[in-house]
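Biologist: Before we discuss the terms used for this protein, may I see its sequence and coordinates?

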Amino acid sequence: MLEVAILDIIPGKETDFEAAFALASAIIANSPGYISHQLQRCVENESRYLLLVNWQTLEAHTIGFRSSPEYREWASLLHHFYSPFPTVEHYQLVLEPGS
């Protein structure tokens, strides 16, 4: 299950966001059902990031992580950087070349 979030950061806060995200990465990486994640910065809009998180199941993210005490720590580190608050969507693999 792939979680996709477009993160629009308050302009001028990008460096602080990246530092906070480095700390938050350890939180999500230790969550049950977590597989991997990556954060990418947009070339055309330096205040926009793409967060991709691979989970074993949808529920590992929506129920397990989001209802955990660790999520509250994640939120306290990151949520104040967003403007507007991101929409998070989940994608299921349909086709992977070579498999």
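Modeller: This is a predicted model. Let us begin with serine 25, which touches His37 and Trp74, leaving aside residues up to four places away in sequence.

Biologist: In which element is serine 25 found, and why is serine 25 called buried?

Modeller: Serine 25 is found in helix H1. Its relative accessible area is 15%, and buried means under 20%; therefore serine 25 is classed as buried.

Biologist: What makes H1 roughly antiparallel to H3?

Modeller: Helix H1, residues 14-29, packs against helix H3, residues 69-78, at an angle of about 175°, and their axes are 9 Å apart. Angles over 145 degrees count as roughly antiparallel, so H1 is roughly antiparallel to H3.

Biologist: Which residues of H1 meet which residues of H3?

Modeller: From H1 come Phe17, Ala20, Phe21, Leu23, Ala24, Ser25, Ile27 and Ile28; these meet Glu70, Glu73, Trp74, Leu77 and Leu78 in H3. By class, the residues of this contact divide into 10 nonpolar, one polar and two charged.

Biologist: Let us turn to arginine 48. Why is arginine 48 described as partly exposed?

Modeller: Arginine 48 has a relative accessible area of 34%. Buried requires a value under 20% and exposed a value over 50%, with partly exposed in between; arginine 48 is therefore partly exposed.

Biologist: Where is the place of arginine 48, and which residues does arginine 48 touch, not counting those up to four places away in sequence?

Modeller: Arginine 48 lies in strand S3, residues 48-55. With that exclusion, arginine 48 touches Ile6, Leu7, Asp8, Gln40, Arg41 and Cys42. As for isoleucine 10, arginine 48 is 38 residues from it in sequence, while their C-alpha atoms are 9.1 Å apart in space.

Biologist: What volume does the largest pocket have, and which residues are the closest to its centre?

Modeller: The largest pocket has a volume of about 170 Å³. It is lined by 15 residues, of which Glu3, Tyr71, Trp74, His79 and Val88 are the closest to its centre.

Biologist: Which elements each supply at least two residues of that lining, and which gives the most?

Modeller: Strand S1 (2-8), helix H2 (58-65) and H3 each supply at least two residues. S1 gives the most, with three residues.

Biologist: How do the residues of the lining divide by class?

Modeller: The lining of the largest pocket divides into 11 nonpolar, two polar and two charged residues. Tyr, Trp and Val count as nonpolar, and Glu as charged.

Conventions: Residues are numbered from 1 along each chain as its sequence is written. This is a predicted model: local features need pLDDT of at least 70, side-chain atom pairs count only at pLDDT 80 or more; totals for chains, interfaces and linings use all residues. Side-chain values use heavy atoms; hydrogens and water are left out. Axes are lines fitted to C-alpha atoms, for helices over the stretch in contact, and angles run from 0 to 180 degrees between N-to-C directions. Helices (H or I, at least four residues) and strands (E, at least two) are DSSP runs, numbered from the N terminus. Angles under 35 degrees count as roughly parallel, over 145 as roughly antiparallel, 65 to 115 as roughly perpendicular and the rest as oblique. Contact means heavy atoms within 4.5 Å. Buried means under 20% relative accessible area, exposed over 50%, partly exposed in between (1.4 Å probe, protein chains only). On a 1 Å grid over the protein atoms alone, a cavity is a set of points where a 1.4 Å probe fits but cannot get out, and a pocket is an open set with protein on both sides within 12 Å along at least five of seven lines; lining residues have an atom within 4 Å of a point. Grid points are joined across faces, edges and corners, and a volume is the space filled by probe spheres set on the points.
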